Amino acid sequence: MAEEKEKLTIVVFSGDLDRALAAFILATTGASMGMEVSMFFTFWGLNIIKKNEGGIKSKGLMRKMLNFMNRGGSKRLKLSKFNMFGLGTWMMKKLMKEVNYPSIDDFISMAHQMGVKLIACTTTCGIMGLNDDAFRSEVESLAGAAYFLGQAREARVALFI
Amino acid sequence: MAEEKEKLTIVVFSGDLDRALAAFILATTGASMGMEVSMFFTFWGLNIIKKNEGGIKSKGLMRKMLNFMNRGGSKRLKLSKFNMFGLGTWMMKKLMKEVNYPSIDDFISMAHQMGVKLIACTTTCGIMGLNDDAFRSEVESLAGAAYFLGQAREARVALFI
Amino acid sequence: MAEEKEKLTIVVFSGDLDRALAAFILATTGASMGMEVSMFFTFWGLNIIKKNEGGIKSKGLMRKMLNFMNRGGSKRLKLSKFNMFGLGTWMMKKLMKEVNYPSIDDFISMAHQMGVKLIACTTTCGIMGLNDDAFRSEVESLAGAAYFLGQAREARVALFI
């Protein structure tokens, strides 16, 4: 125990901009404190780590529709409140920039460089018809709930966001 | 410690279909990994474990109204996003069926058979005027926040969903 | 370990009335069970601990707008569901009163008297242009994510609400 790094593992279920920020602030802060951090993206959280450019390929009309409506990508995330057809989200991003606060894109690169593991949930990928093509290069791998629980069992701190 | 089972305990606060799925995936996966799992349903989460059939009996006009609007039952849960007057929820259920994914009803039976304890929060029941009549047979008991914290203290992993 | 108090630490991200209630029920129950409890308010959760009276002073048009729309204060919190332009929230408060359930104001005083530490997140305060003037007297201090993770590492139970 004394030699191993303490672990922090976070399930990122939500795809809201605000919750994504909270998740990355905790993840990067944990890494900077010397913790071993993993982030497990599931359901709407997958939107955060989808590629911004290009379309999402998926089979079947319904999955195509779902992935069109639920396009995702770090630049398309919205606030969970006060989105107001994009105005609130735009304002929040402006305010963050004013105080030199990192964007989600910055946070993803930072986290990756700090050794935070970004993992996409296989189960949700299966339901939504996504494969690893849909995700950015920083995403390390796809894994299931058993993988997350395996991490969480050994973790000092496990959170569901 | 070595002989005891590791514990996983989950507060299920949300009554959204997507969050309910996440909770049951984690609970059943935990049980299959040999963990002792308890799920503590509170607030909107109570909707997940309400009986699907019959009405909810409660006293007083406001509680009657609340339990009419907030009817609940595993078959009435909606997605937290893209519900679109039921279309999104219907699509998600279809997609889950296509990949042979269990429904919430399946998950409740599975969890129960795997020994996952389903517990309803007494406090919320008191406010909403619900008694154990309102819940399905798989629900083991009603208990309060102290019970949950007692479990969480001893748990390897405790999550709030 | 045997002599130290077990710790419970809660990130309160949400500013919804229902989630705020859940957080305070857990915090006060934990304290009554002899745990050392801290609550770390961030993002919309800051609304819970803002002063009810007076305006929020902040610089710049956008921050003024944000703090006007997102006024906060324990008396202005709304249910995450069934708010129905205030009717649902009003009903819930009535139902709580009927069963002699504490209000958020009561919970904040109780928590404070029981030694629960209430902490506001510096990062969100920076983005939203809030300083400690904005918060009620029960709030002990402002601190960042590193402080929370420091607490969480030592905590028996850490939750994100």
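**Close-up views of a predicted model**

**View 1. The interface of chain C with chain A.** In this predicted model, 28 residues of chain C are in contact (heavy atoms within 4.5 Å) with 32 residues of chain A. The two chains bury about 2,700 Å² between them, 76% of it on carbon and sulfur atoms; buried area is the accessible area (1.4 Å probe) lost on putting two parts together, summed over both. M62(C), R153(C) and F160(C) supply 28% of the area that chain C buries against chain A, more than any other three residues.

**View 2. Salt bridges between chain C and chain A.** Three salt bridges are counted between these chains, each a side-chain nitrogen of Lys or Arg within 4 Å of a carboxyl oxygen of Asp or Glu. One of them joins R153(C) to E6(A), with 2.5 Å between the closest N and O atoms.

**View 3. Helices α1 and α5 of chain B.** The axes of α1(B) (residues 17–32) and α5(B) (residues 104–113) come within 10 Å and cross at roughly 30°. The helices therefore count as roughly parallel (angles under 35 degrees). L17(B), A20(B), L21(B), F24(B), I25(B) and T28(B) of α1(B) meet I104(B), F107(B), I108(B), M110(B) and A111(B) of α5(B). Of these contact residues, 10 are nonpolar, one is polar and none is charged (nonpolar: Ala, Val, Leu, Ile, Met, Phe, Trp, Tyr, Cys and Pro; charged: Asp, Glu, Lys and Arg; polar: the others, Gly among them).

**Notes.** Residues are numbered from 1 along each chain as its sequence is written, and chains are lettered from A and ligands numbered from 1 in the order written. Local features need pLDDT of at least 70 and side-chain atom pairs count only at pLDDT 80 or more, while totals for chains, interfaces and linings use all residues; side-chain values use heavy atoms, leaving out hydrogens and water.

Key
Axes are lines fitted to C-alpha atoms, for helices over the stretch in contact, and angles run from 0 to 180 degrees between N-to-C directions. Helices (H or I, at least four residues) and strands (E, at least two) are DSSP runs, numbered from the N terminus. Angles under 35 degrees count as roughly parallel, over 145 as roughly antiparallel, 65 to 115 as roughly perpendicular and the rest as oblique.
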